Amino acid sequence: MSTVEVEAAPESFGDFLRKAFASRSFLIGFAITLVVAATAFVSLFWTPYDITNLVVADRMKPVSAEHWFGTDHFGRDILSMIMVGSRTSIAVAIVAVVVGVGLGVPLGCWAAARGGAVDDALMRFNDLVFAFPALLTAIMITSIFGPGAVNAIIAIGIFNIPVFARVARAGALALWPREYVLAARAAGKNAARITVEHILPNITSMLLVQATIQFALGILAEASLSYLGLGAQPPMTSWGRMLFDAQTRMVVAPHLALFPGMAIVVTVLGLNLLGDGLRDVLDPRLRRER
Amino acid sequence: MIAFLLRRAGIGLLTLVLASIVVFSVMEILPGDPARLMLGMNATPEAVESLRNQMGLNQPVPIRYLDWIGGLLVGDFGRSYTYSSPVIDLIAERASVSLPLALISLALSTAIAIPVGLFAASRRGRVSDTLSMGAAQVGVAIPNFWFALILVYVFAVWLRLLPAGGFPGWGGGIWPGVRALVLPSVALALPQAAILARVTRSALLEVLGEDYIRTARAKGMPRRIVLWRHALRNAMIPVLTIMGLQFAFLLAGTIIIENVFYLPGLGRLIFQAITQRDLIVVEGVVILLVATIVLINILVDVAYAIVDPRLRAR
């Protein structure tokens, strides 16, 4: 945690692309993520079937040429449901990452710049948050403040704050003793300006890698909450919500659970590979170990 | 070393005290009067008031906090009003399901992960390494509750080999109980095993890059012995850390898995207590879980310090 290789970042964007496309993890992860994002985007304009249209005669139909992934207990097309549900899953995870970055990064940079009591307080705060099992706390928050997508975002986002604070602090601490930061201080720049102009640009790559990981964890967390009935509420749907509905109908229609789960696995796999690939490219020191 | 221990224990204690304040305050600001919940909607205001007095709910907040903490210290977690029995008894009863579940899962994930990590590291860069780490990547991405649903379908509904859910208790011998825990512990263990296998592999590869490994190889020690005697032992530090964290995670992860399998464990207890607003139960279980996590973190740090004296100066 204390030694962070920052200077290993590629020199230019072209250099980054050249290295990125040589990494197998990055390529596969990027391709999967792109497909998932494109599917979510397409669902805004078009889905194979209209999911607000309930066809009870077609309920729980197995996989067929008309319905590639079958239909659910209301006769809705599961492929269309997965496409629409991806928007909730992705949106919850992204906003939770934004919450974590927005609050965690300034906290971490502030602690690194000030040191002393501020730094100690941040570390104790981190200890405190990490002492609570994340899933348990998310369950408590969503069931106390009411189930729903917004409260799910808050519940997941809270745990992203110390994660990003820790990464930003570790990165910033490694940079403060550098010559160019000393030069900036000698030139009379204050801590806030140094952080914005010199520290932040140099920890962006680390934050990007962490954001990818937290994004994947956010998808899993949203699925867990919705599976317990605490996340997205009907008529809104999400992959976890589909699994919640599938659970009691598993025996007669296993396809109800199979496909939404596979959507989660593929998306999380893609994001994790993308994160691994980014780390390989942005931090060659770690690549040696892989 | 003693100074390190004291400092570490002090930080742990501080975390625990802060956590207890957070838990207590959150429960405090929640709407809903426990006395009214217990007596129902038709109770007279006088009856509610007298029960509030009896339960000590009319005392000032700091006094009630200290009462609660004092009780915890002597093992008195209060009384649940939905189960009308002491919380500590409920916890003990439910832990007899959750603790074995978490332990079996941990054993299972370790038994899978260490050999796979070792295998992959010793074949670094070859097809077998890529395949096993690819499988681990997929394992990390699988939500455990979804995996649980698939296991139920395959082994309970389709093959009819194992029970789909429920728990017969330990009264009828070890075997029926263990049978009921097989699918839940596999579901919990697999994603954890995938993470642990990746950590084991990268820890091993890091150690294998060290000079003393090259020295051992240079003096003619066989590769296999170097791997087992020198590399694995040194790589165990990060592996043990992750295992410690995983145990805490497994305990909390039982919440969702116990709901899939209808197991009467701690996870289901707290989930039901949350939905029924049985706050004294929620407080008790949460603070117990937090204490477990803090203790595990201290133990991991102390284990680190014993192995690597440089860390004591931190």
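**Close-up views of a predicted two-chain model**

**View 1. Contact of H10(B) with H12(B) in the predicted model.** Ile237(B), Leu240(B), Thr241(B), Gly244(B), Phe247(B), Ala248(B), Leu251(B) and Ala252(B) in H10(B) meet Leu289(B), Thr292(B), Ile293(B), Ile296(B), Leu299(B), Val300(B), Ala303(B), Tyr304(B) and Val307(B) in H12(B), where two residues are in contact if their C-beta atoms, placed from the backbone, lie within 7 Å. The residues of this contact comprise 14 nonpolar, three polar and no charged, with Ala, Val, Leu, Ile, Met, Phe, Trp, Tyr, Cys and Pro counted as nonpolar, Asp, Glu, Lys and Arg as charged, and the others, Gly among them, as polar. The axes of helix H10 (residues 223–261) and helix H12 (residues 279–307) of chain B come within 10 Å and cross at roughly 175 degrees; axes are lines fitted to C-alpha atoms, for helices over the stretch in contact, and angles run from 0 to 180 degrees between N-to-C directions. H10(B) and H12(B) are therefore roughly antiparallel to each other, a term used for angles over 145 degrees. The model is predicted, so that local features need pLDDT of at least 70 and side-chain atom pairs count only at pLDDT 80 or more, whereas totals for chains, interfaces and linings use all residues. Residues are numbered from 1 along each chain as its sequence is written, and chains are lettered from A and ligands numbered from 1 in the order in which they are written.

**View 2. The kinked helix H5(B).** Helix H5 of chain B (residues 87–122) has 36 residues and reaches 50 Å from its first C-alpha to its last, close to the 52 Å expected at 1.5 Å a residue, the expected span being 1.5 Å times one less than the number of residues. A kink of about 40 degrees in H5(B) is centred on Ala95(B), the bend at a residue being the angle between axes fitted to the seven residues ending there and the seven starting there.

**View 3. Domain 1 of chain B against domain 2 of chain B.** The domain assignment of chain B gives domain 1 (2–87) and domain 2 (95–313), with bounds that come from an automatic or database domain assignment. Between these domains, 24 residues of domain 1 are in contact with 19 residues of domain 2. On the domain 1 side, helix H1 (2–29), helix H2 (34–39) and strand S1 (79–80) of chain B give two or more residues; helices (H or I, at least four residues) and strands (E, at least two) are DSSP runs, numbered from the N terminus. H1(B) gives the most to this side, with 12 residues, and by class the side has 15 nonpolar, seven polar and two charged residues. The centres of the two domains, taken over C-alpha atoms, are separated by 33 Å.

**View 4. The side of chain A that touches chain B.** Across this interface, 33 residues of chain A are in contact with 36 residues of chain B. Helix H4 (116–130), helix H5 (134–144), helix H8 (191–227), helix H9 (239–247) and helix H10 (255–282) of chain A each supply at least two residues of the side that touches chain B. H10(A) gives the most, with eight residues, and by class this side of chain A has 23 nonpolar, five polar and five charged residues.

Conventions. Parallel < 35°, antiparallel > 145°, perpendicular 65-115°, else oblique.
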